[in-house]
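Subject: Handover of a structure and notes on it

Dear colleague,

Please find below the structure that I am handing over to you. I would be grateful if you would read the notes with the model open beside them.

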Amino acid sequence: MKYDAWFVAADDPAEKYPLTEVRYYSQSGGLLDVEHDMTALRSRSAAEWKRLFDGRWMTTKWPYGSGVWGKKEWVCPTVADDNIVSMFEGGTNLFWAERLGGDLGVGDLWIKLCGNSHTGSFKDLGMTVLVSVVKQMIAMGKPIRAIACASTGDTSAALASYGAAAGIPTIVFLPRGKVSVAQLLQPIAHGALVLSLDTDFDGCMNIVREVTADDSIYLANSLNSLRIEGQKTVGIEIAQQFDWEVPDWIVIPGGNLGNTAALGRGLLMAFDLGLINRLPRIVCAQSHNANPLYRSYLTGFIDVSPIAAQPTLASAIQIGAPVSVHRAISVLTRFNGIVEEATEQELADAAARADRYGLYTCPHTAVALAATIKLLARGEIRSTHRVVVISTAHGLKFSRFKVDYHERQLANVVSHLANPPMSLPADVDAVRAAIERRCDELRPGTPQPQGTRM
Ligand SMILES: *Cc1c(COP(=O)(O)O)cnc(C)c1O
């Protein structure tokens, strides 16, 4: 069976383009989406798809062991295997946070650890698809010199790595001083042209759009729906990891809102093709300091306006003019969704609390956890529900956030669970005395606010 997919204008189903055409907007200036030949996909039964996907899961058979390319027919069937640029993305741990869930009052809490990935964030899921299609375009003779993106840190890390693996030059636009050291170093190490601009993400985005108007530099931001096609596997994977059972809730942090849209689209495809028989509810969690979707939600999505995003510890979602806002609203409407927000204090508390149970929580994942805590308190999420929180990046990318928290250096945040190291002389008696003073407090995973004792 020949499977096929193409770009379609979001505002006109008759306007279509091949995936290998350099094109980001419809004739009327709207976004393009990827559409699949669903008739061809229906030629396999749900049971056959499940067997195929389960048989490929985490094998080393190129390229199907990748969580994304294991679902190639649903993602990007037209790219030749030789052009696939994969680093075994996807297939990340769905972690049963049993003790954290117990503490929060929900028995069945799971964290989908998308940060346990090649470049440390879920952005790998989409970038493997985009860079593979560009490799295919170059093989077809298209004059593409480089791939570029504006980024709050993780997109540029993924682009630079996948570009380097493929031998394709990359250019990244970063808002100066607004990404973590690790996120800045990743594209530097991979040899990308790193342009650090004195603006925010939204300002970088405006400039990269101008620069890529020349078709020789390909635009890798998530307005490009090739990325959404890869990212949509996360929802399908969650269902697969539960033996095709659907959780009650999936909670996801949102900035530019491509990932919220992707989560919904993957689940809808699995629903359409009969692999799952119901849909979860989706919660999109935003930082209070960058909450345009939350504000829109409060108006019933009637008013959809950009805002000037304020600084937030959740720097990867400090976005005031999310490009996929309408994609996300349509998903949230279909999934009976909720939008919640978290303050800096709430996200810092949530991260520290989860870390005490063995997680290592990035600030964005913490926004999603804080939203979960609020929805539990409001009785929207019940203690008997199965809840999946999507962890979008690895905490190791955000060491400064952790250091500042534990040194009580975060502005306007009280570090209730600060645990700074004790400095002692190299003296056994002093060490014994310190252990005696502290060891009663050290029941692992039982957070005890320590005030300002140390
Ligand atoms: C990009 C990113 C997000 C937000 O994803 P959007 O698609 O922009 O909504 C959340 N967390 C992390 C760690 C990210 O890198």
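Predicted model: local features only at pLDDT ≥ 70, side-chain atom pairs only at ≥ 80, totals over all residues.

Residues are numbered from 1 along each chain as its sequence is written, and side-chain values use heavy atoms, with hydrogens and water left out.

Helices (DSSP runs of H or I, at least four residues) and strands (DSSP runs of E, at least two) are numbered from the N terminus.

Helix α6

Helix α6 covers residues 154-166, and its 13 residues reach 18 Å from the first C-alpha to the last, close to the 18 Å expected at 1.5 Å a residue. The expected span of a helix is 1.5 Å times one less than its number of residues. Ten of the 13 residues are buried, so α6 is largely enclosed by the rest of the structure. Here, buried means under 20% relative accessible area, exposed means over 50%, and partly exposed lies in between (1.4 Å probe, protein chains only). Among the buried residues of α6 are D154, L159 and Y162. The elements against which the buried residues pack are α5 (123-139), β6 (146-150), β7 (170-175), α7 (181-189) and α9 (225-231); contact means heavy atoms within 4.5 Å. Just after this helix, G167 has a positive phi of about 75°.

Helix α14 and its partner α15

The twelve residues of α14 should span 16 Å at 1.5 Å a residue, and the end C-alpha atoms are 17 Å apart, which agrees. Nine of the twelve residues are buried, which leaves α14 mostly covered. These buried residues pack against α4 (98-104), β11, β12 (338-342), α15 and α16 (399-406).

How do α14 and α15 lie relative to each other? Helix α14 (residues 344-355) and helix α15 (residues 363-377) pack at an angle of about 95°, with axes 8 Å apart; they are therefore roughly perpendicular to each other. Axes are lines fitted to C-alpha atoms, for helices over the stretch in contact, and angles run from 0 to 180 degrees between N-to-C directions. Angles under 35 degrees count as roughly parallel, over 145 as roughly antiparallel, 65 to 115 as roughly perpendicular and the rest as oblique. The contact includes L347 and A350 of α14 and V367 and I373 of α15.

Residue Q286

Q286 belongs to strand β11 (residues 281-287) and is buried, at a relative accessible area of 0%. Its side chain reaches the backbone nitrogen of Y294 at 3.1 Å. Residues that Q286 touches, not counting those up to four places away in sequence, include L257, Y294 and V367.

Loop residues

L257 has a positive phi of about 75° although it is not a glycine. This residue, L257, lies in the loop between β10 and α11 (258-272) and counts as buried at 2% relative accessibility. W244 is likewise not a glycine, yet has a positive phi of about 65°; W244 is placed in the loop between α10 (233-241) and β10 (249-253), and is buried, with a relative accessible area of 9%. Finally, the peptide bond from W62 to P63 is cis, with omega near -10°, and P63 is found in the loop between α2 (46-56) and α3 (72-75).

Yours sincerely,
A colleague

Note on methods
Polar contact = N/O pair within 3.5 Å; in protein donor to acceptor, adjacent residues only side chain to side chain.
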